[in-house]
Amino acid sequence: MKQGPAVPSRARSNGLPARELRALYGRMLLIRRVEEQLGRLFADGEIPGFIHLSIGQEAVAAGVGAALEPRDTAASTHRGHGHAIAKGVDLDRFFLELLGKQDGLCRGRGGSMHVADLSIGMLGANGIVGAGLPIAVGSAIAHQVRKTGAVAVAFFGDGALAEGAVHESLNLAALWKLPFLAVCENNGWGEFSPTDRQLAATLEGLAAAYNLPWTDVDGNDVEAVTLAARHVVAEARAGRPQVLECRTTRVRGHFEGDPQKYRSTEEASAMAARDPLAIAVKALAALGVGEASLQPEAAEIDARIAAAVARARAGALPGMAQARAGVYA
Amino acid sequence: MAETRFARAINQALADAMAADASVILLGEDIAAPGGPFSVTRGLLDKFGADRVRDTPIAEAVIVGASVGAAMGGLKPVVEIMFMDFVTLAMDALVNQAAKARFMFGDQTTVPMVLRTPHGGGLNAGPQHSQCLEAWLAHVPGLKVVCPSNPADAYALLRAAIDDPNPVIFVENKALYAMKGELPDPPPSDRLGVARTARPGRDATIVSYGAAVHTALKAAEALARESVEAEVIDLRSLQPWDEAAVLASLARTHRLVVAHEAVEAFGVGAEIAARMADVGFDELDGPIVRVGAPFMPVPFGKTLEAEYVPSADAVAAAVRRTLA
């Protein structure tokens with residue numbers, strides 16, 4: 001993304017300079033606007049299958065993404081659009097994939113739940129809850145054996161915490177001192193049920209049980225996430241695997257079209273007060289960056305998305321012969 | 001030429017692959033310091049170090065899932081699952097991750113991993129340590145499945161499996177570990193998907209794999225005393241399997257028996273029989289007969305297990321049926 005107009009690089013004590021916070025805001029806004037567009041395309045029937053939006057959780061993807069280096073790898077979830085965008089996925093090929101087109105990132109074979117871009121270390125969204133952790137652990141093993149100096153990150157929701165593979169992964173990462181970071185996006189919901197009906201433990205307790213340092217952060221404050229992520233990524237890179245728990249908000253349903261009869265109106269208004277974009281706007285204002293000065297960036301984002309959508313709509317559909325060419329057994 | 005045990009041939013294949021390629025690593029329960037429950041990996045820790053030969057916790061889901069991630073990250077993991085029955089604990093990693101990654105990510109990555117695992121009876125190990133589950137895995141697009149019957153094939157096919165850019169399940173019949181056979185020097189190289197004629201014959205074809213090849217050979221010997229010359233085809237590779245070789249043999253003999261240790265119903269034999277009933281219909285002069293274990297859990301008791309595992313008598317009787 002191009003830089004907007006020059007802004008003062010004044011920083012609060014222990015905070016981020018305005019320039020960095022502004023870039024993080026821009027990254028969150030890109031994720032938000034992409035997902036809002038996906039929601040419209042899905043409602044209009046242009047996206048096959050089903051999609052899970054991360055609206056309200058953008059600060060986790062943007063903050064952790066900002067703490068990663070290009071060589072670092074990340075395994076994502078079914079709610080993974082933000083992670084892919086934060087890692088730097090090509091927006092044109094992203095939309096082509098979501099629309100099931102031949103030139104999509106996965107040649108139209110994967111879709112929303114399998115967006116991957118190995119060229120930037122994006123190991124893929126995953127349709128199986130918790131399955132990203134063993135894959136990230138394996139990626140961390142590769143980093144350790146090959147001495148790449150890179151870190152492997154696994155994003156997962158609190159809904160994954162009851163999955164056995166998650167526990168096996170935390171144990172192995174700790175046991176082998178892997179360059180591994182587990183990032184839990186705790187939004188209080190595992191699909192259609194609240195966390196307290198699914199989990200007898202807490203992630204803090206689980207991390208302690210596996211001898212893993214646990215860091216708790218307001219997952220809707222992108223500045224706090226970024227600062228925490230920088231610390232835990234550096235620790236993980238030094239062979240001290242970490243758990244980062246980000247308290248966040250799933251504004252939409254489990255999937256687009258979810259009637260959400262299981263949620264209260266009180267929760268909706270509480271979530272609105274914690275909107276990560278609004279929090280960042282407020283923080284920027286305190287640093288002397290007014291909301292009006294953010295407009296050019298928003299317009300640029302909208303234009304980029306519109307162009308990507310236009311290209312995706314015009315993209316060719318894959319043929320069965322092309323899909324079958326990817327079959328080896 | 002040197003006489004080598006089956007387990008030793010696998011050990012040598014692992015050692016040679018690791019010496020040839022620094023990206024090959026081994027993962028598994030008790031494979032490093034203890035040398036493996038069947039001593040297959042003995043000595044490899046000393047040769048290659050703890051970074052590349054790793055004792056894992058008893059946690060099959062993450063062992064296999066991490067192998068997928070490691071394979072996508074530039075390594076060639078060879079993971080051992082102590083008994084094939086335990087692949088049940090790693091089915092997500094195998095079926096949803098390893099088998100799918102290359103396809104669903106649009107060919108951006110391959111998953112060059114091998115999962116070695118022993119199957120089969122003979123140890124009275126009971127219902128949870130004796131199963132032959134290879135048909136499950138052969139049913140999943142994206143997994144290759146290999147099952148050798150002798151030391152030379154074990155060596156060559158394991159080297160080929162490790163060199164393969166895709167996930168390969170390498171199935172070792174426990175009853176074969178102590179088997180001796182010739183391992184040529186230099187050892188053979190081969191590719192996956194090619195069957196071998198274990199015994200030529202003109203009257204009937206017996207298709208088999210793994211330890212059941214030896215059962216088929218015994219049956220062929222017995223039949224020869226009745227002047228019936230059975231041809232034994234050792235599939236060696238189940239996914240992909242050598243349809244052309246089976247069809248060519250059928251075209252010579254016009255009779256077909258498929259024999260394996262796995263339960264008969266819904267098995268590898270069903271697939272082969274169905275294909276041959278289709279593409280080989282004009283060649284058939286008798287019914288295609290399958291020989292497999294009965295449709296029941298593998299029983300523990302000595303006499304029960306002995307009766308459970310398909311015998312040479314059963315295979316010979318099946319051949320006689322096709323000739324009747």
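## A salt bridge between the chains

Let's start where the two chains meet: the side chain of A:Arg109 pairs up with that of B:Asp107 in a salt bridge, with 3.1 Å from N to O. Keep in mind that this is a predicted model. In total, the count of salt bridges between chain B and chain A comes to two. Polar contacts turn up as well: 16 residue pairs are in polar contact across the interface of chain B and chain A, with both partners at pLDDT 80 or more.

## What chain B brings to the interface

Which parts of chain B supply two or more residues to the side that touches chain A? They are strand 2 (24–28), strand 3 (53–55), helix 3 (60–72), helix 4 (91–98) and helix 5 (101–104) of chain B. Helix 3 of chain B gives the most, with nine residues. Sorted by class, the side of chain B that touches chain A has 19 nonpolar, 13 polar and eight charged residues.

Stepping back to the whole interface, 40 residues of chain B are in contact with 39 residues of chain A. The size of an interface is often given as the accessible area lost when the parts come together. Here, chain B and chain A bury about 3100 Å² between them, and 64% of that is on carbon and sulfur atoms.

## A look at B:Val40

B:Val40 sits in the loop between strand 2 and helix 2 (44–48) of chain B. Is B:Val40 buried or exposed? B:Val40 counts as buried, because its relative accessibility is 2%, and the cut-off for buried is under 20%.

Who are its neighbours? Leaving aside residues up to four places away in sequence, B:Val40 touches B:Ala7, B:Ile10, B:Asn11, B:Gly35, B:Arg116 and B:Tyr177. There is also a C-alpha distance to note: B:Val40 and B:Gln12 are 28 residues apart along the chain, and their C-alpha atoms are separated by 9.2 Å.

## A look at A:Glu58

Over in chain A, A:Glu58 is part of helix 2 (residues 58–67). Why does A:Glu58 count as buried? Its relative accessibility is 0%, so it falls under the 20% cut-off.

Which side chain does the side chain of A:Glu58 meet in a polar contact? That partner is A:Arg32, at 2.5 Å.

Terms used
Residues numbered from 1 in each chain as written. Chains lettered and ligands numbered in written order. Predicted model: local features only at pLDDT ≥ 70, side-chain atom pairs only at ≥ 80, totals over all residues. Heavy atoms only, no water. Contact = heavy atoms within 4.5 Å. Buried area = accessible area lost by both parts, 1.4 Å probe. Salt bridge = Lys/Arg side-chain N within 4 Å of Asp/Glu carboxyl O. Polar contact = N/O pair within 3.5 Å; in protein donor to acceptor, adjacent residues only side chain to side chain. Helix = DSSP H or I, 4+ residues; strand = E, 2+ residues; numbered from the N terminus. Nonpolar A, V, L, I, M, F, W, Y, C, P; charged D, E, K, R; others polar. Buried < 20%, exposed > 50% of the residue type's maximum accessible area, 1.4 Å probe, protein only.
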